[in-house]
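Here is a short briefing on one protein chain. Keep the sequence and the 3D view side by side as you read.

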Amino acid sequence: ALFGAGADTSNMPTTQLSDEDFADGQIAVLDLLLKTGLIPSKGEGRRLVQQGGLTVNEEKVADFNKTFAKEDFAKGLVIKKGKKVFHKAVL
């Protein structure tokens with residue numbers, strides 16, 4: 001169900017973020033990946049982004065300095081690492 005159109009995200013691994021995770025109402029993409037446990041280090045995250053292996057809400061992330069605002073988490077962010085690793089981040 002996850003890979004089809006209109007994917008069912010109810011059984012997807014999920015990480016709950018708190019207000020302390022945000023600096024000035026925003027969180028950097030590398031910090032987000034560390035919080036969700038998708039990467040072991042920021043260096044690994046930079047390589048992942050540079051090689052085009054990261055997608056957030058169906059949009060490819062091309063800049064590892066990208067930030068997400070709290071408003072972006074209204075429905076939760078669906079993070080896709082590579083082709084098969086899916087994770088959801090909610091506020």
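In this predicted model, Thr-55 stands opposite Lys-80 in strand 6. Leu-54 also has a bridge partner in strand 6, namely Lys-81. Strand 3 and strand 6 run antiparallel and are joined by three bridges.

- Strands of a sheet pair through backbone hydrogen bonds, in either a parallel or an antiparallel way.
- Strand 6 also pairs with strand 7, residues 85–90. This pairing is antiparallel and has five bridges.
- Within it, Val-78 has Lys-88 of strand 7 as its bridge partner.
- Strand 6 and strand 7 form a hairpin with three residues between the strands. Gly-82 in this hairpin has a positive phi, near 70°.
- What is the order of the five strands in the open sheet? The order is 1-7-6-3-4, and the pairing is mixed.
- Strand 1 (14–16) and strand 4 (59–60) are the edge strands. Each has a single partner strand, so one side of each has no neighbour in the sheet.

**Helix 1 and Thr-36**

- Helix 1 lies across strand 1, strand 3, strand 6 and strand 7. Helix 1 runs at about 85° to strand 6.
- Thr-36 is part of helix 1.
- Is Thr-36 buried or exposed? Thr-36 counts as buried, because its relative accessibility is 10% and the cut-off for buried is under 20%.
- Which residues touch Thr-36, apart from its neighbours within four places in sequence? They are Thr-15, Ile-79, His-87 and Ala-89.
- The Thr-36 side chain also reaches the backbone oxygen of Leu-33, at 3.0 Å.

**The loop between the helices**

- Ser-41 sits in the loop between helix 1 and helix 2.
- Ser-41 has 32% relative accessibility, so it counts as partly exposed. That class lies between the buried limit of 20% and the exposed limit of 50%.
- A polar atom of the Ser-41 side chain lies 3.3 Å from the backbone nitrogen of Glu-44.
- Ser-41 and Leu-30 are eleven residues apart along the chain. Their C-alpha atoms are separated by 8.5 Å.

**Helix 2**

- Which residues of helix 2 (residues 42–50) are buried? They are Gly-45, Leu-48 and Val-49.
- Seen down the axis of helix 2, these buried residues fall within an arc of 95°, so they line one face of the helix.
- The general rule behind such a face is simple. An α-helix has 3.6 residues a turn, so residues three or four places apart point the same way.
- What covers the buried residues of helix 2? The cover includes helix 1 (29–36), strand 3 (54–56) and strand 6 (77–81).
- Gly-52 follows helix 2 and has a positive phi, near 75°.

**The whole chain**

- The protein chain has two helices and seven strands. Along the sequence they follow the pattern β-β-α-α-β-β-β-β-β.
- The chain has 91 residues, and 35% of them count as buried.
- Take the contacts with a separation of 6 or more: 55% of them join residues 24 or more positions apart.
- The chain exposes about 5600 Å², with 47% of that area supplied by carbon and sulfur atoms.

Note on methods. Residues numbered from 1 in each chain as written. Predicted model: local features only at pLDDT ≥ 70, side-chain atom pairs only at ≥ 80, totals over all residues. Heavy atoms only, no water. Helix = DSSP H or I, 4+ residues; strand = E, 2+ residues; numbered from the N terminus. Buried < 20%, exposed > 50% of the residue type's maximum accessible area, 1.4 Å probe, protein only. Contact = heavy atoms within 4.5 Å. Areas by Shrake-Rupley, 256 points an atom, 1.4 Å probe, with all protein chains shown as cover. Arc of directions from axis to C-beta. Polar contact = N/O pair within 3.5 Å; in protein donor to acceptor, adjacent residues only side chain to side chain. Pairing = 2+ DSSP bridges. Axes fitted to C-alpha atoms, helices over the stretch in contact; angles between N-to-C directions.
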